[in-house]
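These notebook entries record what I looked up in the structure shown below. I took one topic at a time.

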There are 2 protein chains.
Amino acid sequence: MPELNQLTYGIVGLGIMGGSIAKSIRANVFDMPGACGEILACDVNALSLGTAAHDGVIDEAFAPDDAALMLPRCDFVCVCLYPHATLRFLQEHRAHFKTGAVVTDISGVKTELEEHVRGALRDDVDFVFGHPMAGGAKEGYVNSNASCFEGRNYILMPQPWNTAEDLSLVKQLISAMGFSRIVETDCRSHDHKIAFTSQLCHVIASALVESAEDEHITEFGGGSFEDLTRIAMINAPLWTELFLANRTELLAHIGSFEAQLDRIKTLIADGDAPELELYLSDVRKRRMTMGTLVSRDS
Amino acid sequence: MPELNQLTYGIVGLGIMGGSIAKSIRANVFDMPGACGEILACDVNALSLGTAAHDGVIDEAFAPDDAALMLPRCDFVCVCLYPHATLRFLQEHRAHFKTGAVVTDISGVKTELEEHVRGALRDDVDFVFGHPMAGGAKEGYVNSNASCFEGRNYILMPQPWNTAEDLSLVKQLISAMGFSRIVETDCRSHDHKIAFTSQLCHVIASALVESAEDEHITEFGGGSFEDLTRIAMINAPLWTELFLANRTELLAHIGSFEAQLDRIKTLIADGDAPELELYLSDVRKRRMTMGTLVSRDS
């Protein structure tokens with residue numbers, strides 16, 4: 001099996017995720033003895049590329065039109081684009097990947113991609129579905145950092161075509177970048193779970209912000225509103241795409257949430273203190289049982 | 001005006017809030033030169049009292065039955081009990097407060113209290129409605145700490161009977177404890193605003209926890225669900241009381257939130273990408289405009 005520190009990595013899309021992956025490889029993989037790999041990156045933003053090259057995060061920068069020059073050199077490609085753009089990139093550059101390359105993505109929805117990716121790729125390229133569960137309110141290369149993956153979850157969706165060796169390599173890289181847990185599932189389950197943990201939460205945060213009477217309400221804030229709406233500093237084009245690409249799952253979860261909200265509303269309207277207290281006791285017990293992220297809750 | 005560091009403070013209820021207030025006074029007020037004040041505390045929990053006395057946080061401990069011995073000595077009393085218990089305490093101990101004492105509370109709902117407090121107190125005691133906007137998932141004296149107020153908001157609801165001198169004293173203490181912003185309003189506005197920033201958020205977090213299919217869902221978490229449900233480790237008796245005491249305001253806010261949720265749901269169901277993106281762009285813009293808490297978001 002190849003050594004992680006001897007590979008040439010290609011980062012497609014040097015935003016907050018691509019940038020953090022590049023920085024993390026630089027800090028955590030290329031600090032190993034004998035490292036002789038390289039990091040190449042491709043982005044529309046020349047400033048991001050220039051900064052990353054200047055800072056020694058990447059070894060070489062490519063404009064999008066030059067991706068065809070970058071890809072044939074890359075043993076490991078991370079496509080860090082929006083979901084639809086990820087598929088378009090794979091289709092457009094079908095001919096340009098190196099034979100034997102491992103290609104992975106970071107897309108927040110997978111089922112749509114799964115339907116098309118097999119036809120988009122050559123048989124001598126191994127595509128591994130991945131979803132690093134690290135994000136936040138910030139965007140762009142300028143906000144990327146090497147340590148943002150520490151303690152985080154990474155979801156992998158192995159496919160019949162993936163070789164054991166390639167999956168192992170991907171997992172080694174994920175661990176080296178600092179993720180503390182790798183969860184394996186299939187694309188459909190991923191989309192079902194993520195519609196709850198991620199997309200529903202963004203819908204709720206957005207609705208909460210819009211239901212505020214005015215923008216000075218945080219003068220009366222004690223942390224709850226701030227916690228619930230941190231993710232409402234939302235990237236509108238990306239989340240529009242994510243919500244719509246996973247709409248069936250998301251609508252079902254919104255429905256379940258509305259039913260619970262309605263239950264609480266009824267208990268409050270009825271002034272039913274004993275039942276309300278029982279309900280809240282169950283909430284507390286369930287939440288206590290649920291795991292927490294090491295990095296944010298500690 | 002009396003000096004903060006020469007007063008005798010009485011803390012009624014040495015839980016996470018009363019404990020943090022005691023520790024903060026000890027650390028931030030009694031470290032001033034010439035300090036000769038005292039901190040007395042009263043609680044049902046003998047272990048909390050013993051620990052606080054042993055650690056030098058309080059000077060003297062009183063069981064609830066001995067509150068009548070403590071109160072006549074206190075220049076400044078912080079009643080750190082649940083809302084209904086606060087009123088009961090004031091009524092029961094009407095005769096025991098020191099002449100000229102400043103008494104304040106931390107209750108999360110005020111209108112109910114406002115209706116009854118005037119009749120409950122003697123004219124020679126100045127009651128100041130206060131609400132320190134600091135809380136969280138944790139409870140009990142064991143989780144109290146001197147620095148949890150830093151960067152937080154404090155809401156004051158001055159009343160016609162409050163003297164300028166007493167209000168000034170309260171504000172000095174609030175600032176000394178580390179709060180960064182004092183917001184003044186009336187009890188009705190307080191309850192209206194807090195129903196949104198605090199109670200609605202707890203309702204949403206609770207409904208979200210209960211709508212989870214299972215308790216292993218956090219394996220698929222990236223921080224959003226964790227952020228939105230941190231406050232769901234809820235103190236059920238306290239929040240039952242808060243929700244019901246403020247039910248009219250809370251139900252109105254739940255209604256507004258549901259209307260926004262319904263709007264998003266419709267946009268998703270219709271696959272209306274342009275309108276959904278516009279909606280989310282507005283969410284982002286509004287959230288960016290809203291202030292953030294210094295201590296948690298920085």
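**Entry 1: Helix α2 of chain A**

I note here that the model is a predicted one.

I then asked which residues of α2(A), residues 46-54, are buried. They are S48(A), L49(A) and A52(A). These residues span an arc of only 95 degrees around the axis, so they lie on the same side of α2(A). An α-helix has 3.6 residues a turn, so residues three or four places apart point the same way. On the face turned away from the buried side of α2(A), I found the exposed residues A46(A), L47(A), G50(A) and H54(A). I also looked at what follows the helix: G56(A) comes after α2(A), and its phi is positive, near 75 degrees.

**Entry 2: The nonpolar core**

I looked up the largest nonpolar core, which has 197 residues. Which of its residues touch the most other members? The answer is A41(A) and A41(B). For A41(B), I set aside residues up to four places away in sequence and listed the contacts. A41(B) touches I11(B), L14(B), G18(B), A22(B), L49(B), A52(B), I58(B), A61(B) and F62(B).

**Entry 3: Two single residues**

I examined H84(A), which belongs to helix α4 of chain A. H84(A) has 14 C-beta neighbours inside 10 Å and therefore counts as partly exposed. Between H84(A) and Y9(A) there are 75 residues of separation in sequence and 22 Å in space, C-alpha to C-alpha.

I next examined L173(A), placed in helix α6 (residues 164-176) of chain A. Is L173(A) buried or exposed? L173(A) is buried, because 24 other C-beta atoms lie within 10 Å, where the cut-off for a buried residue is 20 or more. L173(A) and Q6(A) are 167 residues apart along the chain, and their C-alpha atoms are separated by 12 Å.

**Entry 4: The domains of chain A**

I consulted the domain assignment, which divides chain A into domain 1 (4-185) and domain 2 (190-297). The centres of these two domains of chain A, taken over C-alpha atoms, are 31 Å apart. Their contact takes 18 residues from domain 1 of chain A and 16 residues from domain 2 of chain A. On the domain 1 side, the elements giving two or more residues are α4 (83-92), α5 (111-120) and β7 of chain A. By class, I recorded six nonpolar, seven polar and five charged residues on that side.

**Entry 5: The two chains**

I asked how chain A and chain B are related. Chain A is superposed on chain B by a rotation of 180 degrees with 0.0 Å of shift along its axis, and the RMSD is 0.0 Å. The two copies are thus related as by a two-fold rotation axis. Of the residues of chain A, L228(A) comes closest to the rotation axis, with its C-alpha at 2.3 Å.

The contact between the chains takes 82 residues from chain A and 81 residues from chain B. Among the elements that give two or more residues to the chain A side are β7 (153-157), α8 (224-229) and α10 (247-269). The largest share of that side, 15 residues, comes from α7(A). I sorted the chain A side into 42 nonpolar, 22 polar and 18 charged residues. Finally, 99% of the interface residues of chain A are also interface residues in chain B, so the copies meet through the same surface.

How values were computed: Residues numbered from 1 in each chain as written. Chains lettered and ligands numbered in written order. Predicted model: local features only at pLDDT ≥ 70, side-chain atom pairs only at ≥ 80, totals over all residues. Least-squares fit on C-alpha atoms with pLDDT ≥ 70 in both. Contact = placed C-beta atoms within 7 Å. Helix = DSSP H or I, 4+ residues; strand = E, 2+ residues; numbered from the N terminus. Nonpolar A, V, L, I, M, F, W, Y, C, P; charged D, E, K, R; others polar. Buried ≥ 20, exposed ≤ 12 C-beta atoms within 10 Å, placed from the backbone. Arc of directions from axis to C-beta. Domains from an automatic or database assignment. Core = buried A, V, L, I, M, F, W, Y, C linked by C-beta atoms within 7 Å.
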